[in-house]
Amino acid sequence: MKLFDGGRAPNPRRVRVFLAEKGIAVPIVSVDMGALEHKSQTVSSRNPLQRLPVLELDDGTIITESVAICRYFEELQPEPALFGRGALGKAQVEMWQRRMELNLLSSVAQAFRHIHPAMKEWEIPQVPEWGEANKPKAVEFLKILDRELASREFAAGDSYSIADITGLIAIDFMKPARIKVPEECTNVLRWHQAISSRTSAAA
């Protein structure tokens with residue numbers, strides 16, 4: 001088994017944080033995305049979308065998409081449960097994971113990919129107006145999240161989950177996307193500080 005990893009890019013980091021929470025070590029194959037190595041034959045032959053991370057199992061089976069990879073490891077090692085417990089808990093984690101992904105991480109990524117000069121050769125066509133349009137979408141979601149976090153410690157309830165991991169990755173990614181968490185979102189800032197302090201956040 002080996003994990004083709006893209007360094008500080010959001011989705012590769014999401015899997016590393018998840019594995020760190022589980023205490024699972026997987027051999028890493030580093031791919032330099034800055035040098036466009038994710039477009040090489042090594043990656044393309046495993047994932048025609050040329051995206052990372054890519055998990056290759058011992059028998060050669062390939063799993064791509066960060067949440068799919070995380071789900072695979074959740075089934076192999078259920079504890080600690082990062083996708084929730086029981087019907088309700090799992091549904092709540094899924095709900096908040098999707099909300100974090102679609103309303104926060106996606107908006108931040110669109111802003112970064114369509115505005116940052118370093119992405120000009122990656123995002124073709126780069127549409128700065130679309131990037132700017134996504135900034136307020138991310139901020140608006142953070143205001144909603146702030147109200148939710150007023151009554152609980154973590155995104156989906158009382159336990160840390162993949163929804164928190166996605167949120168951590170998204171907020172950290174806001175810096176290069178040039179988006180700021182509003183100062184009035186004190187609950188979001190408290191929550192982000194807490195999950196950033198976990199050992200896994202450095203993975």
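Predicted model: local features only at pLDDT ≥ 70, side-chain atom pairs only at ≥ 80, totals over all residues.
Residues are numbered from 1 along each chain as its sequence is written, and side-chain values use heavy atoms, with hydrogens and water left out.

Visitor: In what order do the 4 strands stand in the open sheet?
Guide: Strands here are DSSP runs of E with at least two residues, helices are runs of H or I with at least four, and both are numbered from the N terminus; two strands pair if DSSP finds at least two bridges between them. Strand 2 (28-30) and strand 4 (62-64) each have a single partner strand, so one side of each is left without a neighbour in the sheet. The pairing is mixed, and the order is 2-1-3-4.

Visitor: Which residue of strand 4 does L55 stand opposite?
Guide: Strand 3, residues 54-56, pairs with strand 4 in the antiparallel sense over 3 bridges. The residue of strand 4 that stands opposite L55 is I63.

Visitor: At about what angle does helix 3 run to strand 4?
Guide: Axes are lines fitted to C-alpha atoms, for helices over the stretch in contact, and angles run from 0 to 180 degrees between N-to-C directions. Helix 3 (residues 66-76) lies across strand 1 (2-5), strand 3 and strand 4. Its angle to strand 4 is about 120°.

Visitor: Which helix gives the most to the lining of the largest pocket?
Guide: A pocket is found on a 1 Å grid over the protein atoms alone, as an open set of points where a 1.4 Å probe fits, with protein on both sides within 12 Å along at least five of seven lines, and lining residues have an atom within 4 Å of a point. The largest pocket is lined by 37 residues, with A9, P10, N11, L52 and R113 lying nearest its centre. Helix 1 (10-22), helix 3, helix 4 and helix 6 (162-177) each supply at least two residues of this lining. With 8 residues, the one that gives the most is helix 4.

Visitor: Is K135 buried or exposed?
Guide: K135 lies in helix 5, residues 128-149, and, apart from residues up to four places away in sequence, K135 touches A111, I115, A177, R178 and I179, contact meaning heavy atoms within 4.5 Å. Buried means under 20% relative accessible area, exposed over 50% and partly exposed in between, for a 1.4 Å probe and protein chains only. With a relative accessible area of 17%, K135 is therefore buried.

Visitor: What is the relative accessible area of S200?
Guide: S200 is found in the segment after helix 7 (186-196). Leaving out residues up to four places away in sequence, S200 touches V17, A20, E21 and Y160. S200 is buried, and its relative accessible area is 6%.

Visitor: How does E184 count, buried or exposed?
Guide: E184 has its place in the loop between helix 6 and helix 7, and, its neighbours within four places in sequence aside, E184 is in contact with K143 and D146. Because its relative accessible area is 52%, E184 counts as exposed.

Visitor: How far apart in space are R99 and R85, C-alpha to C-alpha?
Guide: R99 lies in helix 4, residues 86-115, and counts as partly exposed at 33% relative accessibility. R99 and R85 are 14 residues apart in sequence, and their C-alpha to C-alpha distance is 19 Å.
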